Structures are given as structure tokens and as C-alpha cells.
Amino acid sequence: MGRGRVQLKRIENKINRQVTFSKRRSGLLKKAHEISVLCDAEVALIVFSTKGKLYEYSTDSSMEKILERYEHYSYAEKALLSSDQDYQGNWCQEYGKLKAKVEALSKSQRHLMGEQLEALNLKELQQLEHQLEISLKHIRSRKEKALQAANKTLEQEFCDSELGFLAIDLSQLMEKQKIKAITQQAHWEQAQTSSSSPPHLIAEPQPTLNIGCYQGSAAAVREEAARLPVRISNSLLPPWMLHHLNG
């Protein structure tokens, strides 16, 4: 027959318990060494006996390094868990606060709209009335300021439009005056040019003096010369004829 399964319970016999602890401790240390070698794992084993005696095993890295890694890992995990729990707790608290604020604002809005006033006493109704009067004053003041701003805007737009029209009329008038001045200047220059140019010389018909076999006396010749308008100043006659006429 094979061995039956050993029932896991505290061994009451002190000697048997000590023998079993010694055997199991050796096997546990052997298994820790085997798993560290076969699986290339870092193993740290700590065992305290009933008398408080320490038995330990660690891989090539020292026990202090393994314990330090363990503390760091356990501290980070605890911090993460605690932060998540704190965050959830804070979120629940904030949700409750925000919910209460929303309910209070909704209730106040309904009161301002004149709804659900039955639950209010006389003092609360007076406070609500005072609050409405203050709000109405602020609304009227803001309305007056808005009207004044609108009037100023309209006045400014009207002034700008009037100034624009005046500027357009003025520019058109200046353009007309400029064209008129240019036209007058052209007429004046044309008149000046016409007055300064000399008149065309018109050839006057010169009197002809027939000289030939003239049968008559010298007195008759002088009389004929005096009667004809001879232009002596312009020297149209030869000198011998002038001498003859003067003689």
C-alpha cells in the first residue's frame, strides 16, 4: 500500500513538530535554490522557527537588494491604490457638493420665476422681493446705458454719413471750379496770343507813274506828281526821279 495523504494540521507532539520543521525547512531551502538556478529568478526566503531563530536564503544578489525592491514595489502599489481610493472619495464628495449646489440654484430660480412660493415664510418672501427690486434696478441701469450707447452710435453714423456727403459735394464743386479755371486760362492764353501777333500786311496798290514821251510843260508834270499820293518816305522811286520832282 502507498502512503496516504498527510493531513495538514498542527502537530501536537513537540519533538515530532521539531523534526518535521527541520526536514521541511531543508526541503524548502533546496526548492528555493533549484527555482533560482533553473528559472534564473531572484529568490529571497525568510523562515523564523517557533523559538524565533532565523533561517534565510537569497540568490546571488544580496538579501538587502531583494528586500529593497520588494519594499519599493509594495509602496508604489499601495500609493497607487490609496490615490485611487482618495480620488474616488474626493470625486464622490465633489459630486455631492455639486449636486447640492445645482438643487439650490434650481430652487432659487423657481422662486425668482414666482413658482413654489408656498413653502416660503414672510421673511423669506421679503428677502426675495428685495432681491428682485435690486435686480430690477440693475436691469434698468444697464438698459439706460445700452440705449445711450446705441444713440451715440446712431449719431456717429449720421455725422459720418453727412460728412461723407459734404465731402463728395465739396470734391465735385472743386472739380468743377478746376475745370472752369482751366477753360478760362485757355481762353485768356488764346486771347493773348491773338493780340501779340502782328497784323497781316496787305499790299496796297501803288500808284503808277507813266513816264515816256510826255507832251507838256514841266508845270504840268509837277501838278500831276502832287496830285498822285507818292510814298517818298518808303523810297519807292529812284533818286533821279525824286530830284526831278522836287525840282
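Thr59 is buried, with a relative accessible area of 14%. Buried here means under 20% relative accessible area, exposed means over 50%, and partly exposed lies in between, with a 1.4 Å probe and protein chains only. The model is predicted, so local features need pLDDT of at least 70 and side-chain atom pairs count only at pLDDT 80 or more, while totals for chains, interfaces and linings use all residues. Residues are numbered from 1 along each chain as its sequence is written, and side-chain values use heavy atoms, with hydrogens and water left out.

Where does Thr59 lie? Thr59 sits in the loop between strand E2 and helix H2 (63–112). Leaving aside residues up to four places away in sequence, Thr59 touches Ser36, Ala41, Glu42, Val43 and Ile66. A contact means heavy atoms within 4.5 Å.

Now step back to the whole protein. It has five helices and two strands. These are DSSP runs, numbered from the N terminus: helices are H or I with at least four residues, strands are E with at least two. From the N terminus the order is α-β-β-α-α-α-α. Of the 247 residues, 9% count as buried. Among contacts between residues at least 6 apart in sequence, 20% join residues at least 24 apart. The accessible surface comes to about 22,800 Å², and 58% of this belongs to carbon and sulfur atoms. Such areas come from the Shrake-Rupley method with a 1.4 Å probe; for residues, only the protein chains shown count as cover.

Next, the strands. E1 (residues 44–48) and E2 pair in the antiparallel sense over five bridges. Two strands pair if DSSP finds at least two bridges between them. Leu45 stands opposite Tyr57 in E2. Ala44 has Ser58 of E2 as its bridge partner. Five residues separate the strands of this hairpin, and Gly52 takes a positive phi near 90°.

In E1, Leu45 and Val47 form the covered face, while Ala44, Ile46 and Phe48 form the uncovered one. Along E2 (residues 54–58) the side chains alternate.

Asp40 is in the loop between H1 and E1. Is Asp40 buried or exposed? At 72% relative accessibility, Asp40 counts as exposed. Most residues other than glycine have a negative phi. Asp40 is not a glycine, yet has a positive phi of about 50°.

Of its 17 lining residues, the closest to the centre are Lys9, Ile11, Arg17, Thr20 and Phe21. A pocket is an open set of points on a 1 Å grid over the protein atoms alone, where a 1.4 Å probe fits, with protein on both sides within 12 Å along at least five of seven lines; lining residues have an atom within 4 Å of a point. Helix H1 (residues 14–38) gives the most to this lining, with seven residues.
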